Amino acid sequence: STPHAWRAADEYLSDLLVGRDPALERALSAQQAAGMPDIEVAPVAGKLLNLLVRMSGARRVLEVGTLGGYSTIWMARAVGDQGRVVTIEAEHVNAAVARASIDAAGVGDRVDIRVGRGEDVLPTLVGGFDLVFIDADKESNTLYLDWAARLGHPGTVVILDNIGRDGEIVDAETADSKVIGTQQALRMLAEDPRFDATALQTVGVKGWDGVALALIV
Ligand code: DHB
Ligand code: MG
C-alpha cells in the first residue's frame, strides 16, 4: 500500500474514533499561528495516550516535550480531577502558547508546565510518576529514559515517541543524530534491567514512525 492509503485510512480512523474536538483544534491552531512545527502526536495517538493513562490508572503523569500542549491536553483529561500532569518545555514561547491552550481546554488546574531543558528540570522534580511520555529532543532520549526510571516506580508506564523514523533505525552507519538517539534509547530499553519494553511501528497522517512502550519493573 502507499503512504497515501495510510493517510486516508488514518483520517478515516480519526474521524470515526476521535471526531471533532474544539479544544484540541484550538491548541493546534495556536501552535501553528505561533510558528511551531506540526510534529504533535496524531489524533489516534493522542487518544492512545489518553487511554493508556486511564487503562493504567495513572494519576501522576510526566511529559518531556510540551510543544503546543496537544498531547498534554489528551493526558490531562485522563488523569481525573485529582490527577496532575507535569510537562517540561525548553522554549518559553511554546510554553506560553501551551499554557493558554491547556487553560482554554479546561484542564489548566491539573497541568504544571516547567520551562527549561529536560536535563536541568528533571533533577528538580519529586518522583512518584505513574506514567511518563517522552517526546522531546531525540538526542537526549537515554537521559530521559534514565530519569523516567528514577522518577517512576515499579509499574510505571513509559512511552517513547518517534521510534520508527522511516525505517532508518536499522542503519548502523547513520549520521542522523535523531536516529542515533533513537537507536541508543531502544538498546537501553532492551538491555537496562529497569525496563521491560516493546515497540510498535505506526503509519498514518505522520507517515512511517512508531512508539515504544515500557514498564518499569
Ligand atoms: C520530530 C519530533 C517529534 O516528536 C515527532 O513526533 C516528529 C518529528 C522531529 O524532531 O523531527
Ligand atoms: Mg513526537
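These are my notebook entries on a predicted model of a protein chain with a ligand.

**Conventions.** I number residues from 1 along each chain as its sequence is written, letter chains from A and number ligands from 1 in the order in which they are written. Since the model is predicted, local features need pLDDT of at least 70 and side-chain atom pairs count only at pLDDT 80 or more, while totals for chains, interfaces and linings use all residues.

**Confidence.** I looked up pLDDT, the predictor's confidence in each residue, from 0 to 100. The chain has a mean pLDDT of 97, and 99% of its residues reach 70 or more. For the complex the predictor gives an ipTM of 0.97 and a pTM of 0.98.

**Helix H3.** I take helices (H or I, at least four residues) and strands (E, at least two) as DSSP runs, numbered from the N terminus. Helix H3 covers residues 43-56, which is 14 residues. From its first C-alpha to its last H3 reaches 20 Å, close to the 20 Å expected at 1.5 Å a residue; the expected span is 1.5 Å times one less than the number of residues. For burial I count other C-beta atoms, placed from the backbone, within 10 Å of a residue's own: 20 or more is buried, 12 or fewer is exposed, and in between is partly exposed. Pro43, Ala45, Gly46, Leu49, Leu52 and Val53 are buried in H3. Arg54 is also found in H3, and Arg54 counts as partly exposed because it has 14 C-beta neighbours inside 10 Å. I find the C-alpha atoms of Arg54 and Val79 separated by 7.0 Å, although they are 25 residues apart along the chain. After H3 comes Gly57, with a positive phi near 70 degrees.

Most residues other than glycine have a negative phi. I noted two residues against that background.
- Leu67 has a positive phi of about 50 degrees. Leu67 lies in the loop between strand E1 (60-64) and helix H4 (70-78). Why is Leu67 counted as buried? Leu67 has 25 C-beta neighbours inside 10 Å, so it counts as buried.
- Asp166 has a positive phi near 55 degrees. Asp166 lies in the loop between strand E5 (157-161) and helix H8 (177-191). Asp166 counts as exposed because it has 9 C-beta neighbours inside 10 Å.

**Ligand 1.** Which residues surround ligand 1? I list Ile39, Asp135, Asp161, Asn162 and Lys178, where a residue is near a molecule if its C-beta atom, placed from the backbone, lies within 6 Å of it. By class the shell has one nonpolar, one polar and three charged residues. Ala, Val, Leu, Ile, Met, Phe, Trp, Tyr, Cys and Pro count as nonpolar, Asp, Glu, Lys and Arg as charged, and the others, Gly among them, as polar.

**Core.** In soluble globular proteins, nonpolar side chains tend to be buried together. I looked for nonpolar cores, sets of buried Ala, Val, Leu, Ile, Met, Phe, Trp, Tyr and Cys residues joined through C-beta atoms within 7 Å. The largest nonpolar core has 55 residues, and Met75 and Ile134 have the most contacts inside it. Two residues are in contact if their C-beta atoms, placed from the backbone, lie within 7 Å. Leaving aside neighbours within four places in sequence, Ile134 is in contact with Val64, Asn141, Tyr144, Leu145, Ala148, Ile159, Leu160 and Asp161.

**Around helix H2.** Leu28 is in helix H2 and is partly exposed, because 18 other C-beta atoms lie within 10 Å. Beyond four places in sequence, I find Leu28 in contact with Glu40, Gly68 and Tyr70. Ala34 sits in the loop between helix H2 (22-33) and H3. With 16 other C-beta atoms within 10 Å, Ala34 is partly exposed. Ala34 is in contact with Val93 and Val97, again leaving aside neighbours within four places in sequence.

**Gly80.** Gly80 is in the loop between H4 and strand E2 (84-89). Gly80 counts as partly exposed, with 14 C-beta neighbours inside 10 Å. I find 29 Å between the C-alpha atoms of Gly80 and Asp137, which are 57 residues apart along the chain.
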